[in-house]
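These are my notebook entries on one structure. I set down what I looked up, entry by entry.

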Amino acid sequence: MAVFKEGELAILIDQKGRKYLISLKKDSVFSFHKGNVQINEIIGKEEGSRVVSTKGEHLLVFRPTLEEYILKMKRGAQIIYPKDISRILTALDIFPGAKVFEAGTGSGALTLYLIRAVGTYGKVVSYEKREDFYNTAKENIERFLLPDLRNVLILENKDISEGIEEGDFDRVILDLTEPWLFLDKVLSVLKPGGILGCYLTTVLQIYNLMEEFEKNYSQSLYKIGIFELLERNWEKQGLSLRPALRMIAHTGFIVLFRKFS
Ligand SMILES: C[S@@+](CC[C@H](N)C(=O)[O-])C[C@H]1O[C@@H](n2cnc3c(N)ncnc32)[C@H](O)[C@@H]1O
């Protein structure tokens, strides 16, 4: 891997495992509670190098993974956590070259993963109704993505209730409070055989979605299932190997459908 260049992102990890996301700006200084690091010391170094702060703290320097990036990037709306994103990518079978519609964009966490999964031959169309969230998402996405992948995305400051301009989508993912209000709009743009995923955080939302599906859409959507997305992280301290005392375990559910004609 090439050495760090000016303008790139880097993640610094201190001796306690705390992570700091920085942009490598020439002649600037990274300051934290354990001293300062001259950014010029990082530019030109190989990934995986170590730097020492003015107060003697050793820091590892890597390029951020997408997971590290989205956990540190600016937030408008609450993001979907990486553990849920990984399940969404597999459950919706997001493939290279796929055409995917997403609403709402929020902070752009899922959008970034969708872009990477569909690749340069794919397309992601994402709608966000709030202008402030749209701007934050745009900034977050542009900061991380290499230019060749930026063309994959069409990001619109738009409310899905106004309709979806493009059509012929292979996949649709809704991360909205009331997805059941938009099933007609989704059906008009999803290809037969296409997969719809609704990411939800409460059981009442699942109930409302399923009621609407049973009343009006059971002749056009096949229900794949309702899944809770759980992950527990564990810690080892000496002889104690046990689930972490603090963790984000339950975050949400995914409800999946497939369109038939
Ligand atoms: C929980 S956030 C999405 C987070 C996003 N998945 C991420 O990972 O960063 C839900 C977003 O949906 C947007 N939204 C809600 N209703 C909408 C609608 N009718 N059309 C477009 N966006 C909508 C909200 O403004 C909010 O930003």
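**Entry 1. Domains and overall form**

I take the domain bounds from an automatic or database domain assignment. On that basis the protein chain is divided into domain 1 (9-64) and domain 2 (68-259). I find the C-alpha centres of domain 1 and domain 2 to lie 33 Å apart.

I note that this is a predicted model, in which local features need pLDDT of at least 70 and side-chain atom pairs count only at pLDDT 80 or more, while totals for chains, interfaces and linings use all residues. Residues are numbered from 1 along each chain as its sequence is written.

Taken along the principal axes, the C-alpha atoms of the protein chain fill a box of roughly 65 × 45 × 30 Å. I list seven helices and 15 strands in the protein chain; helices (H or I, at least four residues) and strands (E, at least two) are DSSP runs, numbered from the N terminus.

For burial I use C-beta atoms placed from the backbone: a residue is buried if 20 or more other C-beta atoms lie within 10 Å of its own, exposed if 12 or fewer, and partly exposed in between. Buried residues make up 31% of the 261 residues in the protein chain.

For contacts I require the C-beta atoms of two residues, placed from the backbone, to lie within 7 Å. Among contacts in the protein chain between residues at least 6 apart in sequence, 61% join residues at least 24 apart.

I looked next at strand E1 (residues 9-13). Its covered face holds Ala10 and Leu12, and its uncovered face holds Leu9, Ile11 and Ile13.

I count two strands as paired if DSSP finds at least two bridges between them. E1 pairs with strand E2 (residues 19-23) in the antiparallel sense, over five bridges. Within this pair, leucine 9 has serine 23 of E2 as its bridge partner. The two strands form a hairpin with five residues between them, and glycine 17 in the turn has a positive phi of about 85°.

E1 also runs antiparallel to strand E6 (residues 58-62), to which three bridges join it. There I find isoleucine 13 opposite leucine 60.

**Entry 2. Nonpolar cores**

I define a nonpolar core as a set of buried Ala, Val, Leu, Ile, Met, Phe, Trp, Tyr and Cys residues joined through C-beta atoms within 7 Å. The largest has 49 residues, and Val100, Leu110, Leu114, Val118, Val172 and Ile173 have the most contacts inside it. Helix H3 (residues 109-118) gives the most to this core, with eight residues. A second, separate core has nine residues, among them Ala10, Val37, Ile42 and Leu59.

Which residues does valine 118 contact, leaving aside its neighbours within four places in sequence? I find Ile94, Pro96, Gly97, Ala98, Val100, Lys123, Val124 and Val152.

Isoleucine 115 also lies in helix H3. It counts as buried because it has 25 C-beta neighbours inside 10 Å. Not counting residues up to four places away in sequence, isoleucine 115 touches Val124, Leu145, Leu149, Val152 and Leu153. The C-alpha atoms of isoleucine 115 and leucine 153 are separated by 6.9 Å, the two residues being 38 apart along the chain.

**Entry 3. Strand E8**

Five of the five residues of strand E8 (residues 123-127) are buried, so the strand is largely enclosed by the rest of the structure. Lys123, Val125 and Tyr127 point one way from E8, and Val124 and Ser126 the other way. Strand E7 (residues 99-103) pairs with E8 in the parallel sense over five bridges. Valine 100 has valine 124 of E8 as its bridge partner.

**Entry 4. Two serines in loops**

I located serine 53 in the loop between strand E5 (49-52) and E6. With 19 C-beta neighbours inside 10 Å, serine 53 counts as partly exposed. Its contacts, not counting residues up to four places away in sequence, are Lys34, Gly35, Asn36, Val37 and Leu59.

Serine 220 is placed in the loop between helix H7 (203-217) and strand E12 (221-229). It is partly exposed, with 16 other C-beta atoms within 10 Å. Beyond its neighbours within four places in sequence, serine 220 is in contact with Leu187, Lys259 and Phe260.
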